[in-house]
Amino acid sequence: MSFWLKLIRTSLFGTALISSTVWSAERRAAAPTQTPTSGTIERVVAVVNGKAILLSELEEMETKVKSELTQQKKTDSIGQPSDFRKRTLDQMINDQLISAEIESRGLSANDSMLDAAIADNMRLNGIKNMDELKRALQGEGLTLEEYRSSLKKLIENRNLMSFIARNRVQITERDVEAALQRKLSNTNARWQSRVRMIFKKKNPKVNVEHKMEEFRKQIEAGIPFERVANRETEGPGKGEGGDIGLVQPSDLQPELGEVVATLRPNEISRVIPTEQGFYLLQCVTRVQATAAPAERMKDEVRAELTKLETERQFDAFVRSLREKAQVEVLL
């Protein structure tokens, strides 16, 4: 999944499968009526506090999620169609309850918040103007309106998570120290690797994975990694041979951290697929970590614990909403 899709579709609930999607409030609230053009009757599959979820909405969500899982090469998690449909509907019910809670607590995102968030994301991705943004979104199959709607939901969910964290999440110094010691007991956490990286974004018009395999063969044939990185990488370290400095496995996203933990000096990784694109890594040197990084890790550990506890409390909060709600499932 590209940056844009990752930004707007990442699940904030700690759920394993279904990510949040914005659904039209008008369609959700609609009672079962006869469609004027087709003469067919919309079937209601669930009613949540008096608001209907339609079969057409459920089918649309299923299509979106299956497409997303296919892009992520996680089709095994789809499972049996009936089970997948139940899980999808279950998340849609939760989404509706969360949206109502956001509105009742005054945590909605207004246009100025959305404009500011879009401007920040444009700067982050080197997007110069709105026309360029629209082209980038079009490449991901999104319109600007869809992007704004999804970004609105992302901001609002984060607002609700922050509200819950302020009231329910408490991480003590003892918690941080215990987690830090567990982290340092891992052999890989005692080492830092100087890493070079080649990154290419996914491109529906190009077999990027195949191109990355070609880069790997070129490097194995004797072309310096840094030369290929300067020419091809779309990630950090461009112009510096792809050098991202000294890192520990925990500094990187899990797919990359797992590989870095096993690389030895001068070793080149396999092509690593991720949601954003494809990576090649090279370990330049490997050195033993000093006490200083352990101190630096303290803030990282606190952030990790806060994130995990916030997700746990959020799940509990959603369960409590579900218990208090009037939900009728009509599948």
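In the predicted model, Asp 115 and Arg 148 are joined through their side chains by a salt bridge with an N to O distance of 2.9 Å. Asp 115 belongs to helix α5 (residues 111-124) and Arg 148 to helix α7 (residues 144-168), so the contact ties together parts that are 33 residues apart in sequence. Both partners are partly exposed: the relative accessible area is 42% for Asp 115 and 22% for Arg 148.

A salt bridge also links Glu 173 and Arg 302, with 3.0 Å between the closest N and O atoms. Glu 173 lies in helix α8 (residues 173-184) and Arg 302 in helix α12 (residues 291-324); the pair therefore ties together parts that are 129 residues apart in sequence. Salt bridges with shared partners place Glu 173 and Arg 302 in one network with Glu 177, Lys 298 and Asp 299. Glu 173 is partly exposed at 41% relative accessibility, and Arg 302 is likewise partly exposed, at 27%.

The side chains of Arg 85 and Glu 62 form a further salt bridge, in which the closest N and O atoms are 2.8 Å apart. Here helix α4 (residues 81-104) contributes Arg 85 and helix α3 (residues 55-71) contributes Glu 62, so parts that are 23 residues apart in sequence are tied together. Arg 85 is partly exposed, with 24% relative accessibility, whereas Glu 62, at 8%, counts as buried, because its value falls under the 20% limit.

With a cut-off of 4 Å between the side-chain nitrogen and the carboxyl oxygen, the count comes to 20 salt bridges.

Terms used: Residues numbered from 1 in each chain as written. Predicted model: local features only at pLDDT ≥ 70, side-chain atom pairs only at ≥ 80, totals over all residues. Heavy atoms only, no water. Helix = DSSP H or I, 4+ residues; strand = E, 2+ residues; numbered from the N terminus. Buried < 20%, exposed > 50% of the residue type's maximum accessible area, 1.4 Å probe, protein only.
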